[in-house]
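Hi,

Here is the structure I promised to pass on. Have a look first, and my notes follow below.

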Amino acid sequence: MREALALARRGLYTTHPNPRVGCVIVNDAHRVGQGWHVRSGEAHAEIIALREAGRAARGATVYVTLEPCAHHGRTPPCADELIAAGVSRVVAAMRDPFTAVDGKGFAKLQAAGITVEYGLLDQEAEDLNPGFLKRVRHGRPWVRLKLAASIDGRIAMASGESRWITGEAARRDAHRWRARSDVILTGIGTVLADDPSLTARDIDGLERQPTRVILDRQGRTPHFAKVLSGRGRVLVFRHGGVEVTRAENILAPLDARGRIDLGFVMQTLGAREFNEVQVECGSELAGSLIEANIVDELLLYLAPCLLGSAARPMALLENIPTLAERKQFAVADLALMGEDLRLLLRKV
(Lines give C-alpha, C1' and ligand atoms only; values in the text may rest on other atoms or scores of the structure.)
Protein backbone atom coordinates (compact mmCIF):
# COMPACT_ATOMS: atom_id res chain seq x y z
CA MET A 1 0.00 0.00 0.00
CA ARG A 2 2.90 2.35 0.68
CA GLU A 3 4.09 1.77 -2.87
CA ALA A 4 0.58 2.52 -4.15
CA LEU A 5 0.56 5.78 -2.19
CA ALA A 6 3.97 6.71 -3.61
CA LEU A 7 2.63 6.08 -7.12
CA ALA A 8 -0.43 8.23 -6.43
CA ARG A 9 1.82 11.15 -5.47
CA ARG A 10 3.17 11.21 -9.02
CA GLY A 11 -0.16 12.72 -10.03
CA LEU A 12 0.13 15.49 -7.44
CA TYR A 13 0.12 18.30 -10.03
CA THR A 14 -2.06 16.79 -12.76
CA THR A 15 -5.19 14.93 -11.65
CA HIS A 16 -7.48 17.94 -10.97
CA PRO A 17 -10.40 17.67 -10.37
CA ASN A 18 -10.01 13.93 -9.82
CA PRO A 19 -8.33 12.41 -6.76
CA ARG A 20 -4.73 11.19 -6.79
CA VAL A 21 -4.82 7.38 -6.87
CA GLY A 22 -2.17 4.67 -7.08
CA CYS A 23 -2.49 0.90 -7.56
CA VAL A 24 -0.19 -2.13 -7.18
CA ILE A 25 -1.17 -5.69 -8.22
CA VAL A 26 0.57 -8.63 -6.53
CA ASN A 27 0.37 -12.31 -7.49
CA ASP A 28 2.26 -15.10 -5.75
CA ALA A 29 4.32 -12.53 -3.80
CA HIS A 30 5.43 -10.80 -7.02
CA ARG A 31 4.38 -7.39 -8.21
CA VAL A 32 2.86 -7.93 -11.65
CA GLY A 33 1.34 -4.53 -12.35
CA GLN A 34 1.25 -0.95 -11.14
CA GLY A 35 -0.18 2.39 -12.17
CA TRP A 36 -1.38 5.80 -11.11
CA HIS A 37 -4.03 8.19 -12.36
CA VAL A 38 -2.33 10.90 -14.39
CA ARG A 39 -5.09 13.27 -15.46
CA SER A 40 -8.86 13.59 -15.70
CA GLY A 41 -10.39 11.77 -18.65
CA GLU A 42 -7.56 9.26 -18.88
CA ALA A 43 -7.32 5.72 -17.48
CA HIS A 44 -7.61 5.28 -13.73
CA ALA A 45 -4.80 3.72 -11.70
CA GLU A 46 -6.42 0.27 -11.58
CA ILE A 47 -6.79 0.10 -15.37
CA ILE A 48 -3.16 1.02 -16.00
CA ALA A 49 -2.05 -1.61 -13.47
CA LEU A 50 -4.32 -4.26 -15.02
CA ARG A 51 -2.90 -3.56 -18.49
CA GLU A 52 0.61 -4.10 -17.17
CA ALA A 53 -0.37 -7.26 -15.31
CA GLY A 54 -2.21 -8.86 -18.20
CA ARG A 55 -3.10 -12.51 -17.50
CA ALA A 56 -1.10 -12.39 -14.26
CA ALA A 57 -3.97 -10.40 -12.73
CA ARG A 58 -6.07 -13.56 -12.44
CA GLY A 59 -6.16 -14.60 -8.79
CA ALA A 60 -4.08 -11.59 -7.75
CA THR A 61 -4.43 -9.11 -4.88
CA VAL A 62 -4.98 -5.47 -5.80
CA TYR A 63 -3.76 -2.70 -3.50
CA VAL A 64 -5.36 0.64 -4.33
CA THR A 65 -5.40 3.93 -2.42
CA LEU A 66 -9.11 4.65 -3.02
CA GLU A 67 -12.20 2.52 -3.53
CA PRO A 68 -12.53 1.47 -7.20
CA CYS A 69 -15.26 3.39 -9.01
CA ALA A 70 -18.52 1.68 -9.92
CA HIS A 71 -20.05 4.19 -12.34
CA HIS A 72 -19.61 5.38 -15.90
CA GLY A 73 -18.01 8.82 -15.85
CA ARG A 74 -15.42 9.86 -18.42
CA THR A 75 -14.08 6.30 -18.15
CA PRO A 76 -15.76 2.89 -17.56
CA PRO A 77 -16.12 1.50 -14.00
CA CYS A 78 -12.87 0.14 -12.56
CA ALA A 79 -14.82 -2.40 -10.49
CA ASP A 80 -16.10 -4.03 -13.69
CA GLU A 81 -12.57 -4.25 -15.12
CA LEU A 82 -11.24 -5.83 -11.91
CA ILE A 83 -14.01 -8.43 -12.01
CA ALA A 84 -13.35 -9.19 -15.69
CA ALA A 85 -9.63 -9.60 -14.97
CA GLY A 86 -10.41 -12.27 -12.36
CA VAL A 87 -8.64 -10.72 -9.36
CA SER A 88 -9.33 -12.50 -6.08
CA ARG A 89 -8.82 -9.75 -3.50
CA VAL A 90 -8.95 -5.95 -3.37
CA VAL A 91 -7.37 -4.00 -0.50
CA ALA A 92 -8.21 -0.28 -0.51
CA ALA A 93 -6.79 2.38 1.76
CA MET A 94 -10.17 4.11 2.07
CA ARG A 95 -13.75 4.28 0.91
CA ASP A 96 -14.56 6.91 -1.73
CA PRO A 97 -17.18 9.36 -0.34
CA PHE A 98 -18.15 10.54 -3.84
CA THR A 99 -21.89 9.87 -4.16
CA ALA A 100 -21.63 7.79 -7.34
CA VAL A 101 -19.16 5.46 -5.59
CA ASP A 102 -19.42 5.53 -1.76
CA GLY A 103 -19.41 1.77 -1.12
CA LYS A 104 -20.92 0.78 -4.45
CA GLY A 105 -17.52 -0.24 -5.84
CA PHE A 106 -16.91 -2.52 -2.86
CA ALA A 107 -20.41 -3.98 -3.11
CA LYS A 108 -20.00 -4.79 -6.80
CA LEU A 109 -16.68 -6.54 -6.17
CA GLN A 110 -18.09 -8.53 -3.25
CA ALA A 111 -21.12 -9.58 -5.30
CA ALA A 112 -18.68 -11.06 -7.83
CA GLY A 113 -16.99 -13.12 -5.09
CA ILE A 114 -13.95 -10.90 -4.65
CA THR A 115 -12.65 -10.40 -1.10
CA VAL A 116 -12.66 -6.72 -0.14
CA GLU A 117 -10.80 -5.02 2.71
CA TYR A 118 -10.23 -1.34 3.38
CA GLY A 119 -8.76 0.95 6.01
CA LEU A 120 -5.06 0.15 5.46
CA LEU A 121 -3.05 3.43 5.78
CA ASP A 122 -6.30 5.34 5.50
CA GLN A 123 -4.92 8.52 7.10
CA GLU A 124 -2.08 8.66 4.56
CA ALA A 125 -4.66 8.27 1.82
CA GLU A 126 -6.76 11.07 3.31
CA ASP A 127 -3.72 13.34 3.45
CA LEU A 128 -3.07 12.70 -0.23
CA ASN A 129 -6.45 14.12 -1.32
CA PRO A 130 -7.60 16.68 1.26
CA GLY A 131 -9.17 18.93 -1.35
CA PHE A 132 -11.12 16.28 -3.24
CA LEU A 133 -12.44 14.82 0.01
CA LYS A 134 -13.36 18.22 1.47
CA ARG A 135 -15.23 19.20 -1.68
CA VAL A 136 -17.13 15.91 -1.91
CA ARG A 137 -18.04 15.88 1.78
CA HIS A 138 -18.73 19.59 2.39
CA GLY A 139 -19.15 21.26 -0.99
CA ARG A 140 -16.13 23.51 -0.68
CA PRO A 141 -12.38 23.19 -1.27
CA TRP A 142 -9.59 22.60 1.22
CA VAL A 143 -8.13 25.97 2.18
CA ARG A 144 -4.42 26.33 2.87
CA LEU A 145 -3.21 29.70 4.19
CA LYS A 146 0.44 30.26 3.27
CA LEU A 147 2.42 32.75 5.36
CA ALA A 148 6.10 33.71 5.49
CA ALA A 149 7.02 35.37 8.76
CA SER A 150 9.76 36.23 11.23
CA ILE A 151 9.97 34.27 14.48
CA ASP A 152 8.09 37.11 16.19
CA GLY A 153 5.18 36.52 13.80
CA ARG A 154 5.60 39.48 11.43
CA ILE A 155 5.03 39.27 7.68
CA ALA A 156 6.16 42.76 6.63
CA MET A 157 7.64 45.96 7.96
CA ALA A 158 5.28 48.81 8.85
CA SER A 159 6.06 50.32 5.43
CA GLY A 160 4.93 47.10 3.72
CA GLU A 161 8.46 45.98 2.81
CA SER A 162 8.60 42.17 2.84
CA ARG A 163 11.02 40.97 0.14
CA TRP A 164 12.48 38.76 1.29
CA ILE A 165 11.86 37.56 4.85
CA THR A 166 12.52 33.91 4.03
CA GLY A 167 15.33 32.44 1.93
CA GLU A 168 15.45 30.97 -1.55
CA ALA A 169 14.88 27.36 -0.43
CA ALA A 170 11.62 28.30 1.32
CA ARG A 171 10.43 30.27 -1.69
CA ARG A 172 11.15 27.33 -4.02
CA ASP A 173 9.21 25.04 -1.71
CA ALA A 174 6.25 27.44 -1.71
CA HIS A 175 6.09 27.16 -5.50
CA ARG A 176 5.68 23.38 -5.19
CA TRP A 177 2.69 23.96 -2.93
CA ARG A 178 1.31 26.44 -5.46
CA ALA A 179 1.70 23.86 -8.22
CA ARG A 180 -0.41 21.26 -6.41
CA SER A 181 -3.17 23.80 -5.74
CA ASP A 182 -6.11 24.41 -8.05
CA VAL A 183 -6.47 28.03 -6.97
CA ILE A 184 -4.16 30.75 -5.63
CA LEU A 185 -6.32 33.32 -3.85
CA THR A 186 -5.42 36.81 -2.70
CA GLY A 187 -7.02 40.15 -1.82
CA ILE A 188 -6.94 43.44 -3.67
CA GLY A 189 -4.64 44.90 -1.00
CA THR A 190 -1.88 42.45 -1.92
CA VAL A 191 -2.41 43.05 -5.64
CA LEU A 192 -2.04 46.82 -5.22
CA ALA A 193 0.88 46.66 -2.77
CA ASP A 194 3.01 43.84 -4.23
CA ASP A 195 1.78 43.28 -7.81
CA PRO A 196 2.36 39.50 -7.58
CA SER A 197 1.97 37.13 -10.53
CA LEU A 198 0.81 34.23 -8.26
CA THR A 199 2.04 31.61 -10.74
CA ALA A 200 3.89 28.38 -9.97
CA ARG A 201 7.41 28.52 -11.37
CA ASP A 202 10.38 26.17 -11.87
CA ILE A 203 8.29 23.00 -11.39
CA ASP A 204 9.24 20.03 -13.58
CA GLY A 205 6.28 18.45 -15.34
CA LEU A 206 3.79 21.20 -14.50
CA GLU A 207 1.19 21.21 -17.27
CA ARG A 208 -1.16 23.93 -16.08
CA GLN A 209 -1.16 27.01 -13.91
CA PRO A 210 -3.50 27.29 -10.93
CA THR A 211 -6.46 29.59 -11.39
CA ARG A 212 -5.78 32.99 -9.79
CA VAL A 213 -8.61 34.42 -7.67
CA ILE A 214 -8.80 38.02 -6.44
CA LEU A 215 -11.21 39.34 -3.81
CA ASP A 216 -11.79 42.89 -5.06
CA ARG A 217 -14.99 44.41 -3.72
CA GLN A 218 -14.92 47.55 -5.90
CA GLY A 219 -13.09 46.21 -8.96
CA ARG A 220 -9.87 48.14 -8.37
CA THR A 221 -7.50 45.62 -9.97
CA PRO A 222 -5.37 47.57 -12.52
CA HIS A 223 -5.52 46.30 -16.09
CA PHE A 224 -1.69 46.06 -16.11
CA ALA A 225 -1.48 43.92 -12.93
CA LYS A 226 0.85 40.92 -13.31
CA VAL A 227 -1.80 38.60 -11.92
CA LEU A 228 -3.88 39.18 -15.06
CA SER A 229 -1.15 38.12 -17.46
CA GLY A 230 0.30 34.74 -18.39
CA ARG A 231 -1.25 31.28 -18.60
CA GLY A 232 -4.22 30.25 -16.52
CA ARG A 233 -7.61 31.70 -15.67
CA VAL A 234 -8.27 34.65 -13.39
CA LEU A 235 -11.49 35.07 -11.39
CA VAL A 236 -12.39 38.30 -9.63
CA PHE A 237 -15.04 38.32 -6.92
CA ARG A 238 -16.44 41.84 -6.62
CA HIS A 239 -19.57 43.52 -5.32
CA GLY A 240 -19.58 46.68 -7.39
CA GLY A 241 -17.23 49.09 -9.09
CA VAL A 242 -15.72 48.63 -12.50
CA GLU A 243 -15.51 45.28 -14.27
CA VAL A 244 -11.96 43.95 -14.24
CA THR A 245 -10.73 43.26 -17.77
CA ARG A 246 -8.93 40.01 -18.74
CA ALA A 247 -10.70 38.20 -15.93
CA GLU A 248 -14.01 36.49 -15.22
CA ASN A 249 -15.98 38.77 -12.92
CA ILE A 250 -18.26 37.17 -10.33
CA LEU A 251 -20.66 39.36 -8.38
CA ALA A 252 -20.60 38.41 -4.72
CA PRO A 253 -22.65 39.42 -1.67
CA LEU A 254 -21.11 41.20 1.31
CA ASP A 255 -20.92 39.91 4.86
CA ALA A 256 -22.03 41.78 7.98
CA ARG A 257 -18.76 43.76 7.99
CA GLY A 258 -19.19 44.91 4.40
CA ARG A 259 -16.54 42.56 3.00
CA ILE A 260 -16.83 39.97 0.24
CA ASP A 261 -18.68 37.00 1.74
CA LEU A 262 -16.00 34.34 2.13
CA GLY A 263 -18.52 31.52 2.50
CA PHE A 264 -20.02 32.45 -0.89
CA VAL A 265 -16.54 32.47 -2.44
CA MET A 266 -15.71 28.99 -1.16
CA GLN A 267 -19.05 27.48 -2.14
CA THR A 268 -18.64 28.96 -5.63
CA LEU A 269 -15.15 27.50 -5.99
CA GLY A 270 -16.38 24.14 -4.74
CA ALA A 271 -19.20 24.12 -7.30
CA ARG A 272 -16.56 24.66 -10.00
CA GLU A 273 -14.74 21.52 -8.82
CA PHE A 274 -11.71 23.26 -7.37
CA ASN A 275 -10.16 20.99 -4.74
CA GLU A 276 -7.30 22.89 -3.08
CA VAL A 277 -7.11 26.65 -2.54
CA GLN A 278 -3.86 28.24 -1.42
CA VAL A 279 -4.30 31.71 0.03
CA GLU A 280 -1.43 34.21 -0.11
CA CYS A 281 -2.53 37.49 1.38
CA GLY A 282 -2.06 40.20 3.98
CA SER A 283 -2.99 40.36 7.66
CA GLU A 284 -6.59 41.50 7.23
CA LEU A 285 -7.76 38.78 4.86
CA ALA A 286 -5.76 36.14 6.76
CA GLY A 287 -7.52 37.13 9.97
CA SER A 288 -10.94 37.14 8.31
CA LEU A 289 -10.42 33.62 6.95
CA ILE A 290 -9.28 32.28 10.31
CA GLU A 291 -12.13 33.98 12.18
CA ALA A 292 -14.62 32.51 9.70
CA ASN A 293 -13.20 29.01 10.38
CA ILE A 294 -12.43 28.61 6.69
CA VAL A 295 -8.72 27.85 7.02
CA ASP A 296 -8.10 24.10 7.14
CA GLU A 297 -4.32 24.26 7.09
CA LEU A 298 -1.53 26.77 7.74
CA LEU A 299 1.60 26.55 5.59
CA LEU A 300 3.95 28.65 7.68
CA TYR A 301 7.55 29.53 6.84
CA LEU A 302 9.44 31.01 9.79
CA ALA A 303 12.68 32.89 9.23
CA PRO A 304 15.24 33.13 12.08
CA CYS A 305 14.92 36.89 12.47
CA LEU A 306 12.98 39.50 14.43
CA LEU A 307 11.14 42.38 12.78
CA GLY A 308 9.81 44.15 15.87
CA SER A 309 6.45 45.20 17.26
CA ALA A 310 5.84 47.91 14.63
CA ALA A 311 5.95 45.37 11.80
CA ARG A 312 2.76 43.85 10.44
CA PRO A 313 1.37 40.71 12.14
CA MET A 314 0.52 37.45 10.39
CA ALA A 315 -3.21 37.86 10.94
CA LEU A 316 -5.50 40.49 12.40
CA LEU A 317 -7.67 38.58 14.86
CA GLU A 318 -10.11 40.66 16.86
CA ASN A 319 -12.42 38.22 18.61
CA ILE A 320 -10.23 36.14 20.93
CA PRO A 321 -10.93 37.59 24.39
CA THR A 322 -9.66 34.61 26.41
CA LEU A 323 -7.02 31.91 26.11
CA ALA A 324 -9.76 29.30 26.05
CA GLU A 325 -11.09 30.81 22.80
CA ARG A 326 -7.75 30.70 20.98
CA LYS A 327 -7.56 29.29 17.46
CA GLN A 328 -5.87 25.93 17.94
CA PHE A 329 -3.78 24.11 15.32
CA ALA A 330 -1.86 20.83 15.46
CA VAL A 331 1.53 20.24 13.87
CA ALA A 332 1.14 17.90 10.90
CA ASP A 333 4.69 18.28 9.60
CA LEU A 334 7.84 20.34 10.08
CA ALA A 335 11.00 20.61 8.03
CA LEU A 336 13.99 22.84 7.49
CA MET A 337 14.05 24.75 4.21
CA GLY A 338 17.55 26.15 4.06
CA GLU A 339 17.75 28.25 7.22
CA ASP A 340 13.99 28.62 7.53
CA LEU A 341 11.51 26.37 9.32
CA ARG A 342 8.44 25.11 7.47
CA LEU A 343 5.45 24.22 9.62
CA LEU A 344 2.33 22.51 8.30
CA LEU A 345 -0.45 23.09 10.82
CA ARG A 346 -3.93 21.56 10.68
CA LYS A 347 -6.98 23.10 12.31
CA VAL A 348 -8.09 21.30 15.46
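Let me start with strand S8 (residues 183-187), which is covered on both faces: Val183, Leu185 and Gly187 are buried on one side, and Ile184 and Thr186 are buried on the other. That makes 5 of its 5 residues buried. Here buried means under 20% relative accessible area, with exposed over 50% and partly exposed in between (1.4 Å probe, protein chains only). Strands (E, at least two residues) and helices (H or I, at least four) are DSSP runs, numbered from the N terminus. As background, side chains in a regular strand alternate between the two faces of the sheet.

Before I go on, the ground rules. This is a predicted model, so to speak of local features we need pLDDT of at least 70, and side-chain atom pairs count only at pLDDT 80 or more, while totals for chains, interfaces and linings use all residues. Residues are numbered from 1 along each chain as its sequence is written, and side-chain values use heavy atoms, leaving out hydrogens and water.

Back to S8 and its partners. S8 pairs with strand S9 (residues 211-215) in the parallel sense over 5 bridges, and Thr186 stands opposite Ile214 in S9. From S8 the chain crosses through helix H8 (residues 188-194) to S9, a right-handed β-α-β crossover. Right-handed means that, with the strands pointing away from the viewer, the path from the first strand over the helix to the second runs clockwise. S8 also pairs with strand S12 (residues 276-279), again parallel, over 3 bridges; there Val183 has Val277 as its bridge partner. Pairing requires that DSSP finds at least two bridges between the strands.

Next, the cores. A nonpolar core is a set of buried Ala, Val, Leu, Ile, Met, Phe, Trp, Tyr and Cys residues joined through side-chain atoms within 4.5 Å. The largest one has 40 residues, of which Ile25, Val87 and Val90 touch the most other members. Helix H2 (residues 45-53) gives the most to this core, with 5 residues. A second, separate core of 35 residues includes Ala149, Val183, Val213 and Leu302. Ile25 has contacts (heavy atoms within 4.5 Å) that include Ala49, Leu50, Ala53 and Val62, leaving aside residues up to four places away in sequence.

Helix H10 (residues 283-291) is largely enclosed by the rest of the structure, because 7 of its 9 residues are buried. Just after H10, Asn293 takes a positive phi of about 55°.

A few backbone spots to check:

- The His16 to Pro17 peptide bond is cis, with omega near 0°; Pro17 is in the loop between helix H1 (2-8) and strand S1 (22-27).
- The Arg163 to Trp164 peptide bond is cis too, with omega near -5°; Trp164 is in the loop between strand S7 (154-156) and helix H7 (168-180).
- Leu198, in the loop between H8 and S9, has a positive phi near 60°, and counts as buried at 3% relative accessibility.
- Arg246 has a positive phi near 60° and is found in the loop between strand S10 (234-238) and strand S11 (248-251).

Cheers
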